[in-house]
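Subject: Structure handover, salt bridges

Hello,

The structure is placed below for your use. My notes on its salt bridges follow.

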Amino acid sequence: MKTKLAIAILFGCVSLAAQPAFETASIHTNNEADRPGRPIAHVTSDSLIMRNNALLYLIIWAYDVPFVQVDGPPWLREVWFDVQAKAAHPATETEMRLMLRKLLEDRFGLKLHAESRVMPAYALTLTKDGPKFQEEAAPGDFNLDRANAMTLIAHHARVADLAQGISGEIGRPVVDETGLQGRYEIRLNLAPYIARAGEPGGNPGQLDVMSILFTGLQEQLGLKLESKKLSVDILVIDHVEKTPTEN
């Protein structure tokens, strides 16, 4: 039986054959020695702008997977690009991801396959009092704000987006098993737990980051992480070029 990711890749290939790619697209090497902030992915109804992105991030955005579920060469983190692309017609975020896959295939020669591997992972589930966040009433695109290193505010976010973010922080796959399908306003502030560690009896020099994250998820969002061995879909990079073909 094909994994969900393998089905997604197959569906993407079929869709790309039937729908046009970006009408225009430019890719430029980002050689900045100091790249402030996190990667930017801005999607409008007919355009995709990605700045300050390692090639690895372009791939994980296109295939909607966290980096810990990509098996590829280490240098994917070391080459950085800015992408500006425009569609010929209004497109959904899902369609934008499919068109970016096509762009990566055409410009970087990307070839990959999916396989399922059993490995240590976390299942993201609801506590008995969860969820403690609201579904967005109005439509909108996913947007992530970081007021500071300890505060995350996600607008129009899927729980799968949160799972991917957690996965990146703890370096282990996080599988969304909440069953929640909507888009939500999600706010997580870990600063109070950091401050608590500095109180008498605490040890700010040896913060238990995992414990802080687990506590914040439960108390503020009504979510919990359960350590398990799970079958996880992995993207395996078979071939990709460091330098894209010219614009």
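With which residue does Arg-158 form a salt bridge, and how far apart are the closest N and O atoms? The partner is Asp-64, with 2.9 Å between those atoms. A salt bridge here is a side-chain nitrogen of Lys or Arg within 4 Å of a carboxyl oxygen of Asp or Glu. The pair ties together parts that are 94 residues apart in sequence, because Arg-158 sits in the loop between strand E9 (151–157) and helix H4 (159–170), while Asp-64 sits in the loop between helix H2 (55–63) and strand E4 (70–71). Helices (H or I, at least four residues) and strands (E, at least two) are DSSP runs, numbered from the N terminus.

This is a predicted model in which local features need pLDDT of at least 70 and side-chain atom pairs count only at pLDDT 80 or more, while totals for chains, interfaces and linings use all residues. Residues are numbered from 1 along each chain as its sequence is written, and side-chain values use heavy atoms, leaving out hydrogens and water.

On accessibility, buried means under 20% relative accessible area, exposed over 50% and partly exposed in between (1.4 Å probe, protein chains only). Arg-158 counts as buried at 19%, and Asp-64 as partly exposed at 24%.

Arg-158 also forms a salt bridge with Asp-161, at 2.5 Å between the closest N and O atoms. Asp-161 is buried, at 14%. Salt bridges with shared partners join Asp-64, Glu-93, Arg-97, Arg-158 and Asp-161 into one network.

The structure holds 11 salt bridges, including one between Glu-185 and Arg-187 at 3.0 Å between the closest N and O atoms. Arg-187 is partly exposed, at 48%.

Regards
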